[in-house]
Amino acid sequence: MLRSLHYSIDIIRDEARQLVQKGVVSRQQPIYTLCRHIPAREWALVETELESSGFLLRDRVGDLMGREDWEND
């Protein structure tokens, strides 16, 4: 039986944040660079969620992540 996966915008943001923290992706890169780190069979679901949330694949990863709060300066 196949399971239906659902990617919420919060899950996508968390994944992007983790990739930026690891230094794998830059905040300045376009969102479509995330496709290298998400399985191809799941990318269509991610792309659909991004579009329904008002994001374009050419937007920056930093735009997707939104505002970050810093504990220490």
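Visitor: How many residues are in helix 2, and how far does helix 2 reach from its first C-alpha to its last?
Guide: Helix 2 has 13 residues and reaches 19 Å from its first C-alpha to its last, close to the 18 Å expected at 1.5 Å a residue. The expected span is 1.5 Å times one less than the number of residues in the helix. Helices here are DSSP runs of H or I with at least four residues, strands are runs of E with at least two, and both are numbered from the N terminus.

Visitor: What sort of model is this?
Guide: This is a predicted model, in which local features need pLDDT of at least 70 and side-chain atom pairs count only at pLDDT 80 or more, while totals for chains, interfaces and linings use all residues. Residues are numbered from 1 along each chain as its sequence is written, and side-chain values use heavy atoms, with hydrogens and water left out.

Visitor: Back to helix 2. Which of its residues are buried?
Guide: E42, W43, V46, E49 and L50 are buried in helix 2. Buried means under 20% relative accessible area, exposed means over 50%, and partly exposed is in between (1.4 Å probe, protein chains only).

Visitor: How are those buried residues arranged around the axis of helix 2?
Guide: Seen down the axis, the buried residues of helix 2 fall within an arc of 130°, so they line one face of the helix. The arc is taken over the directions from the helix axis to the C-beta atoms.

Visitor: Which exposed residues sit on the face turned away?
Guide: R41, T48 and S52 are the exposed residues on the face of helix 2 turned away from its buried side.

Visitor: And what covers the buried residues of helix 2?
Guide: The cover includes helix 1 and helix 3 (61-65). Just after helix 2, G54 takes a positive phi of about 90°.

Visitor: What about helix 1, which residues are buried there?
Guide: In helix 1, I9, I12, A16, L19 and V20 are buried. They cover an arc of only 100° around the axis, which puts them on the same side of helix 1. Q21 and K22 are exposed on the other side of helix 1. Helix 2 and helix 3 are among the elements that cover the buried residues of helix 1.

Visitor: What follows helix 1?
Guide: G23 follows helix 1, and the phi of G23 is positive, near 85°. Helix 1 itself has 14 residues and reaches 20 Å from first C-alpha to last, close to the 20 Å expected at 1.5 Å a residue.

Visitor: New topic. How many salt bridges are there?
Guide: The structure holds two salt bridges. A salt bridge is a side-chain nitrogen of Lys or Arg within 4 Å of a carboxyl oxygen of Asp or Glu. R13 pairs with D10, with the closest N and O atoms 4.0 Å apart, and R17 pairs with D14 at 3.3 Å, N to O.

Visitor: Where do R17 and D14 stand relative to each other?
Guide: R17 and D14 are three residues apart in helix 1, so about one helical turn separates them. R13 and D10 are also three residues apart in helix 1, about one helical turn.

Visitor: Buried or exposed, or in between, for D10?
Guide: D10 is partly exposed, with a relative accessible area of 48%. R13 is partly exposed at 26%.

Visitor: Now the core. How many residues are in the largest nonpolar core?
Guide: The largest nonpolar core has 17 residues, and those with the most contacts inside it are L34, V46, L50, V61 and L64. Helix 1, helix 2 and helix 3 each give two or more residues to this core, and the largest share, five residues, comes from helix 1. A nonpolar core is a set of buried Ala, Val, Leu, Ile, Met, Phe, Trp, Tyr and Cys residues joined through side-chain atoms within 4.5 Å.

Visitor: What does L34 touch?
Guide: Not counting residues up to four places away in sequence, L34 touches A16, L19, V25, W43, V61 and L64. Contact means heavy atoms within 4.5 Å.

Visitor: Where is T33?
Guide: T33 is in the loop between helix 1 (9-22) and helix 2 (40-52). T33 counts as buried, at 5% relative accessibility. Leaving aside its neighbours within four places in sequence, T33 is in contact with V25 and V61.

Visitor: And what lies 2.7 Å from a polar atom of the T33 side chain?
Guide: The backbone oxygen of P30 lies 2.7 Å from that atom of T33.

Key:
Polar contact = N/O pair within 3.5 Å; in protein donor to acceptor, adjacent residues only side chain to side chain.
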